[in-house]
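Subject: Structure handover

Hello,

Here is the structure for you to look through. My notes on it follow below.

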Amino acid sequence: YADNRRYRFTHDSWRTSILSCMLHERRCDLHEHIAIALESYCADESEQENNIERQIRILKHWTSSGNFVRSANISLKIGGQLMLLGLNSQGIMLFDDSLSILKEQGMDSREESHGGICISILNTINVPELDRLIKLNVARGKAFSTLGMSKQSTISYQNALDILNNTICADSEDFDRSVSFPIFSGLFVVLKMGAIEQDEECTFEKHLISKFVEQARLNGDPVHYGRALAMQGETFGRLGNFEQAFQSLEKIKKIYNIKSHHAAICRAYGSDRVAQAFSHSVNWNRSLGRIDAALDTCNFIIETLLPHCDPKNVHNSFCLLYSCIVTMKDNGLAFDARRALLRFIVHPFDEHFGPGGSTFSKPLFQPILVLLDLQGNEFVEVDKIDEYTEWASDERNMPIQSESLENAWAAMAVSPSVLFGEIYYYLAKRQNKVHVRRRFIQIGISLMERTLTKTKSLPFARMYSTEKLENIKAFAK
């Protein structure tokens, strides 16, 4: 703009040529002025926040200006929005663009680096920059784990921890150490996905949890302390130390309030991993043969927790409900479980994301709905039996998950493959055609045997698979 007139380049080649002649500092200043101007132009803040395309334009200019904090702030906000929409890959690209500001500074292959950033840069960054650097790597780790890419997720979390341990300003009193807590949580998640190898004593996991619980307790924030206790309880439960697992849950009950803590926990950890401790306790109770206690917890989750959860965070809702579905369907409550699945997961997903939306539990929706209908109507006619038979005849409708996702779901309750196997079991029981019945039995057995090799370190999931495999083999005889 000049003399109240607006000028623009008629050809991009002119703009490119002029930019190439500018000093780097001058180009950075120019992008900063443009970013500020665009933000001023978007005076309506609500409109700006809802227009992702406009925010990305502003982000590009802040990134090109070299202003790491401003770039990181916007990429974390937009990336978070994209992740809620299931667009995790696009979120990762934004996080990488902001991280590139520091990674490209002081590039020297001979210099020591941590998390891809030269030590000379880490020695000079300030507290706000370290805060955003950690958060970008954590967000990147969350996005990768949601995509089932556990190895890439592990690298992001380890980069965050490496940077934290090798940056001078991390010792400053102004630095909030709670920013490191999602790193512990993230490493725990990828550990369950099988991305980190452990010794038989689970030394890495125990050390990780012990460190997290102690630091979170000292911090005093129930958001982080609750998450640490949930991790502790989950590990105790998986190792068969149920008494200690329930002790961790009792501590959670004293500090956790879903109405006041849910949103903050989801912001910090992606989903309400504190509430999910109650879901794990369903499996603990069932392992101990305490079916009434398990069903009481299912009812508490459905009646008290899920109604207060963010309906747009379908992943969180599915994680909460998954163990309930598994236990309820085996105790005469398949239809109740089906209604809960439709109410809290399928319908909210359709409302907020539509048919083009994505979340890594989405491929499980239809198979579980079919299974619950078949199991709930085990001894009566099923209206859609022909439709289900034709659907199951195409094995592509059974979405075999990646190994990391199979491990993640098995750690929540059971492997999805054993549920798919159950569908073939219930269809085979209704099948009059011998060759079709045999084929369905063979597919069911194959799916269930597959889960046994994947759940050696997950006692409840393995116990469940073993029981269901025995049922289908007994029917085959």
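How do the residues of the lining of the largest cavity divide into nonpolar, polar and charged? They divide into three nonpolar, two polar and four charged. Here Ala, Val, Leu, Ile, Met, Phe, Trp, Tyr, Cys and Pro count as nonpolar, Asp, Glu, Lys and Arg as charged, and the others, Gly among them, as polar.

Some ground rules before the rest. This is a predicted model, in which local features need pLDDT of at least 70, side-chain atom pairs count only at pLDDT 80 or more, and totals for chains, interfaces and linings use all residues. Residues are numbered from 1 along each chain as its sequence is written, and side-chain values use heavy atoms, with hydrogens and water left out.

The cavity

The count comes to one cavity of 30 Å³ or more. The largest cavity holds about 50 Å³ of space. Its lining is made up of K192, R227, A230, E234, R273, Q276, A277, H280 and M412. The elements that give two or more residues to this lining are α12 (222–238) and α15 (276–287). A cavity is a set of points, on a 1 Å grid over the protein atoms alone, where a 1.4 Å probe fits but cannot get out; lining residues have an atom within 4 Å of a point. Grid points are joined across faces, edges and corners, and a volume is the space filled by probe spheres set on the points. Helices (H or I, at least four residues) are DSSP runs, numbered from the N terminus.

The α17/α18 pair

Helix α17 (residues 314–329) packs on helix α18 (residues 334–352) at an angle of about 170 degrees. Their axes are 9 Å apart. Axes are lines fitted to C-alpha atoms over the stretch in contact, and angles run from 0 to 180 degrees between N-to-C directions. α17 and α18 are therefore roughly antiparallel (over 145 degrees). On the α17 side, the contact is made by V314, S317, F318, L321, I325, M328 and K329. On the α18 side, A334, D336, A337, A340, L341, F344, I345 and F349 make it. Contact means heavy atoms within 4.5 Å. The residues of this contact divide into 12 nonpolar, one polar and two charged.

L372 itself is found in helix α19 (residues 362–376). At 0% relative accessibility, L372 is buried (under 20% relative accessible area, with exposed over 50% and partly exposed in between; 1.4 Å probe, protein chains only). Not counting residues up to four places away in sequence, L372 touches I325, K329, A334, F335, A337, R338 and L341. L372 and I325 are 47 residues apart in sequence, and 8.6 Å apart in space, C-alpha to C-alpha.

α21 is mostly covered: nine of its 10 residues are buried. These are S404, L405, E406, N407, A408, W409, A410, A411 and M412. N407 sits in α21 (residues 403–412), with a relative accessible area of 10%. Leaving aside neighbours within four places in sequence, N407 is in contact with K192, M193, G194, K454 and L458.

S145, in helix α8 (residues 127–146), is in contact with S153, M193 and L405, leaving aside neighbours within four places in sequence. S145 is buried, with a relative accessible area of 10%.

Loops

Which residue other than glycine has a positive phi? C202 does, with phi near 55 degrees. C202 is in the loop between α10 (181–192) and α11 (203–219). C202 is buried, at 11% relative accessible area.

S271 lies in the loop between α14 (258–269) and α15. S271 is buried, with a relative accessible area of 1%. Not counting residues up to four places away in sequence, S271 touches I265, C266, Q276, N313, H315 and N316. The C-alpha atoms of S271 and C309 are separated by 9.7 Å, at 38 residues apart along the chain.

A partly exposed lysine

K251 lies in helix α13 (residues 242–255). K251 is partly exposed, with a relative accessible area of 43%. Leaving aside neighbours within four places in sequence, K251 is in contact with Y225 and L229. K251 and Q152 are 99 residues apart in sequence and 33 Å apart in space, C-alpha to C-alpha.

Best wishes

Note on methods. On a 1 Å grid over the protein atoms alone, a cavity is a set of points where a 1.4 Å probe fits but cannot get out, and a pocket is an open set with protein on both sides within 12 Å along at least five of seven lines; lining residues have an atom within 4 Å of a point. Angles under 35 degrees count as roughly parallel, over 145 as roughly antiparallel, 65 to 115 as roughly perpendicular and the rest as oblique.
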